[in-house]
Amino acid sequence: MRALFRRGIAEGALRAGLTLETLSVLYSGLIKAALETTAGGRVGTEEASAAVITVFLDGTRVPGVSYPR
């Protein structure tokens with residue numbers, strides 16, 4: 001994941017002000033939360049995975065950069 005984050009920062013897609021460590025911790029925290037909510041039956045797998053992607057990318061991408069959906 002760090003290589004992917006590094007590439008995103010280098011290409012200007014992810015915010016340069018967030019360290020690789022911070023990005024890794026935030027992403028893994030979202031994954032953990034998604035696993036807990038699906039295991040608890042509160043949301044389905046598709047909903048949880050879509051939420052992780054949306055929350056992570058909306059919070060870490062450079063404003064004005066759009067991604068294909």
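Start by selecting S24, which is found in helix α2, residues 20–39. Helices here are DSSP runs of H or I with at least four residues, strands are runs of E with at least two, and both are numbered from the N terminus. This is a predicted model, in which local features need pLDDT of at least 70 and side-chain atom pairs count only at pLDDT 80 or more, while totals for chains, interfaces and linings use all residues. Residues are numbered from 1 along each chain as its sequence is written, and side-chain values use heavy atoms, with hydrogens and water left out.

Stay on S24 and show its surroundings. Its relative accessible area is 17%, so S24 counts as buried (under 20% is buried, over 50% exposed, and partly exposed lies in between, with a 1.4 Å probe and protein chains only). Leaving out residues up to four places away in sequence, S24 touches R2 and F5; contact means heavy atoms within 4.5 Å.

Next, move along helix α2 to K32. K32 is exposed because its relative accessibility is 51%. Draw a distance from the C-alpha atom of K32 to that of V52: the two are separated by 9.9 Å, and the residues are 20 apart along the chain.

Now select G8, in helix α1. With 10% relative accessibility, G8 is buried. Apart from neighbours within four places in sequence, G8 is in contact with A13 and L14. A distance drawn between the C-alpha atoms of G8 and V62 reads 9.8 Å, for residues 54 positions apart along the chain.

A10 is also placed in helix α1. Its relative accessibility is 68%, so A10 counts as exposed.

The next stop is the largest pocket, which holds about 250 Å³ of space. Among its 14 lining residues, those closest to the centre are L4, F5, L14, F56 and L57. Colour α1 (2–10) and α3 (45–60): each supplies at least two residues of the lining. A pocket is an open set of points on a 1 Å grid over the protein atoms alone, with protein on both sides within 12 Å along at least five of seven lines; the points take a 1.4 Å probe, and lining residues have an atom within 4 Å of a point. Grid points are joined across faces, edges and corners, and the volume is the space filled by probe spheres set on them.

Finally, zoom out to the whole protein chain. It has 3 helices and 0 strands, in the order α-α-α from the N terminus. The C-alpha trace spans about 40 × 25 × 15 Å along its principal axes. Of the 69 residues, 19% count as buried. Among contacts with a separation of 6 or more, 45% come from residues 24 or more positions apart.

Then colour by charge to find 8 positive and 6 negative side chains, the centres of the two sets lying 6 Å apart. Lys and Arg count as positive and Asp and Glu as negative, without His or the chain ends.

Key:
Charge placed at Lys NZ, Arg CZ, Asp CG, Glu CD.
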